[in-house]
Amino acid sequence: MTITLQSLAQDRWVTPAEGLVEIASAIDGRVVARASSAGLDFAAIVRHAREVGGPALRKLSFHRRADMLKALGAYLGERKETLYALAADTGANRRDNAVDIDGGLVTLAAYASRGRRELPDTSFIVEGEVEQLGKRGSFVGQHLLSPLHGVAVHINAFNFPCWGLLEKLAPAMLAGVPVIAKPATATAYVAEALVKLIHESGLLPAGALQLICGGTGDLLDHLTGQDVIAFTGSIETSEKLHAHPNVARHAIRFVAERDSLNAALLGSDATPADPEFDLFVREVVREMTAKAGQKCTAIRRVLVPRAQQTAVIAALKDKLAEVRLGDPRKDDKAMGPLVSRDQREAVRAAIATLQTEAEIVSGDPERCEGDGIDTTKGAYMAPILLRARDPMSARRVHDTEAFGPVATVLAYDDIDQAIELVRRGEGSLVASLFTYDNVVAEQIALGIAPWHGRLLIVDRDCAAESTGHGTPLPALLHGGPGRAGGGEELGGMRSVHHYMQRTAIQASPRRLAALTGTWSRGAPSPAATVHPFKRNYDELAIGDSIETASRPITLDDIEHFAHFTGDTFYAHMDEAAAKANPFFPGRVAHGYLILAFAAGLFVDPAPGPLLANYGLDNLRFLKPVSPDDTIKVKLTVKQKSSARRPEYGEVRWDVEVVNQYDEPVARYDLLTMSARPPA
Ligand code: NAP
C-alpha cells in the first residue's frame, strides 16, 4: 500500500495534495510512499516552535525533561516492531534496524539518565569554578549555560531514519529547545511513523516536536541567531545550507556531520599469525557490509603494511565471498540492498572515479546475485574491494565517498607514510588501528588524532568487549574535523550545550550566589542559630553556616592514628626523614586524620534530618598541620539539588579547615542526603 506522508505542523498532521515525490522500496522498486511539503507555512511552523514549544519546555527543569525522555523511550520500546516492519523497505535487515531503532532508543535512555545524574533540577547550568576577578574578592565571575529561545532544525540523512532523529532530539529536548525535524525523503516513511508514535504518546509538550516530510521550502529564511541547524548528509548539501545568506547573516549555529573517508589501519607489527590481523579483517568486512556500507562511519580506506598487502587482500576476499545478498524481510543475516536504485547509480559512479587510480580485486559493481532477489528491481549491489595502484600518488581515494559496500586497500611502507595517507582524508569521524605494539599505537594515534573525532585502538585484550569501528556511543563524541563537518554530536553533555548559550556573569559573590543558587567564598554566610544538620532539606538556605570550636592535634593523636590505621608513613613518624622532605617542616598530621577530626568537630551526633554522607569532592590539603597546631572548621551550605525520591534531597557543603593562624589547611565539598518533610 502506498502511503502519503504527513507533516506535523503546529501540532496538526497535514496531508500534502501536490508536488508529491514517489519513494520506492529498496527491495523491489515498488512505490511505498509519497512525500511533499507543498503548502506548509514554514514561518508559522517556526513561530509555533518559538511561541508554544520553547516556553513549555523551558518551564520544565532538566530533571523533568529527563523523566520525559525516559518515559518516551519506554513508550517507543513497546511499539518498535511497527518501525521494524516499515524499515525493511529501506533495505535494512533486522540487524541493521537494531542499530537504527534500538540504537536510537538506547541513546534516548542514555540522555534521560545522564540528565538526571549530571544536570541540576533547574533550567540552567553553572559551569566551572567561580573566578576571582578583584584582589579583595568582592568581584567574581562565573559561566552559566541557559537554553536558547529558538528552535533546533534537524536535517537528517537517509541511512538512520530513527537513530538520526532521536540522537539529535534527546539533547535538544534536554536543553529545553523545540525541534523541527526534516528526515531525508528516501526513508522518511520510517521517520514519519516514529514521530507519529511520539505524538500519540502525548509525552512531549505541544510545539516541542514538528516534522517536515519533503523539502524545507523557505524554512531557513525564518531562522535567527537563537536557532540551531544540526545537519547530517553530504558535503555538497552542507555547503549549500551553510552558505545560505540568512544563516550567515544571523550567525546561526550550524552543526554538521557529513562525508567521512574513515580509515582502518593494520599496525606495522601485525602479521597473519597475530590475533590483530584477524580482528582487522573481520572489522573491515563488517563495516563494508553492515547497512550495505551506507554508514557515515563505515571503513572506506584500508591501510596495510606493504608486506601484508597480499595476505590481507586474500583474507578479505575469502570473507567477502561468504557474504550473501538477500531480501531483508526474509533473511536477517544476508546483506540487503542499497536504499534506492539512484543510490546504487551514485555508488557505481563513485567506484568508476576510484578506478582511475585503483583496481577492483573483489566484486563486480554491475552484477550480483542472491537467493530470491530481483537485482533489476531492487537496489542490490555486491561488496566491492579495490586496491590503490600507487597509494602515495592517489588523490580520489581520499575525496570520493562511495556510500555503499565499497572500500579501497592502500599499502604503506612505514608509519610516517601511514599517517600521511590517513591525513589526506582531511578529517574523518573515526579511524581504527589494529596493533599490539605500544610504540606503533602511540605514533599512529598521536599522528592522526587531530584529524579525527574518535579513534579506536583494537587488540586481543579489548576485542571481545569492543563496540566496534562503526558505532557512535552516547557517552563519546560523534563528529570530526574538516571533511567530516567539524560537528560534535553526542559526547555526553557536549551535545546538550549546542542548544544553550554560555554567558560569563560578572558580579559580587552575593549577587552571584543569589542568581545561581550556589554559594561561593565572599558571599554571605550567616552563622546558623540551629546546627544545620538539625534542619531538614527544605529549611536549609544557601549560605547557612557554622563555625566549630578549635581542637589541638598532638603528637599522641598522630601516633595513635598511625598505629590504629596502619598508616605509619615516615612523614608522620620520623622527624628527620620528614624534615628532609621538601613539603614538610617535620612530622605532620595525616590528611585523613584532619578529615576525621573535622567531622568530629562539625557533626551533630543525634539522629536528625541529615541521613548520610555520600562522598567528598574537590578535596585539597593546602598546608601541613604540625603537632600542637589547632584546627577548626567552617561548614557552609553550598548547593541543594533534589534527588530522584521525594523523601530527601542532596546537599553540597563547603568545608574549610583552618589552623590557629586562620590559614586554610584543607578544603573540600561534603555531599550529604538530607530528609524532606512529608508533602
Ligand atoms: P544529502 O543528500 O546531503 O541529504 C541530507 C539531508 O539534507 C536530507 O534530509 C535532504 O533531504 C536534505 N537536503 C538536501 N538538499 C537540501 C536543501 N537544498 N535544503 C534543505 N535540505 C536539503 O545526504 P544523504 O544522501 O541523505 O546522506 C548520505 C550522506 O550523508 C553521505 O555523504 C554520508 O556520509 C552522510 N552522513 C553523515 C553522517 C555523519 O554523522 N557524519 C551520518 C549519516 C550520513 P531530501 O532527502 O529531501 O533531499
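Start by selecting Phe-533, Phe-602 and Trp-653: ring pairs link them into a cluster. Rings of Phe, Tyr and Trp (its six-membered ring) pair if their centres lie within 6.5 Å; planes under 30 degrees apart count as stacked, over 60 as edge-to-face and the rest as tilted.

Before moving on, a word on the model: it is predicted, so local features need pLDDT of at least 70 and side-chain atom pairs pLDDT 80 or more, while totals for chains, interfaces and linings use all residues. Residues are numbered from 1 along each chain as its sequence is written, and side-chain values use heavy atoms, with hydrogens and water left out.

How many aromatic pairs does the structure hold? There are eight. For one of them, pick Phe-231 and Phe-254: their ring centres are 6.4 Å apart and their planes at 15 degrees, so this pair is stacked. Phe-231 is in strand β11 (residues 228–232) and Phe-254 in strand β12 (residues 253–257), 23 residues apart. (Helices are DSSP runs of H or I, at least four residues, and strands runs of E, at least two, numbered from the N terminus.)

Is Phe-231 buried or exposed? Buried, at 2% relative accessibility, and Phe-254 is buried too, at 15%. Buried means under 20% relative accessible area, exposed over 50%, partly exposed in between (1.4 Å probe, protein chains only).

Last stop: select Arg-79 and Tyr-75. The charged end of Arg-79 sits over the ring of Tyr-75, 3.6 Å from its centre. That label needs NZ of Lys or CZ of Arg within 6 Å of the ring centre and within 35 degrees of the ring normal.
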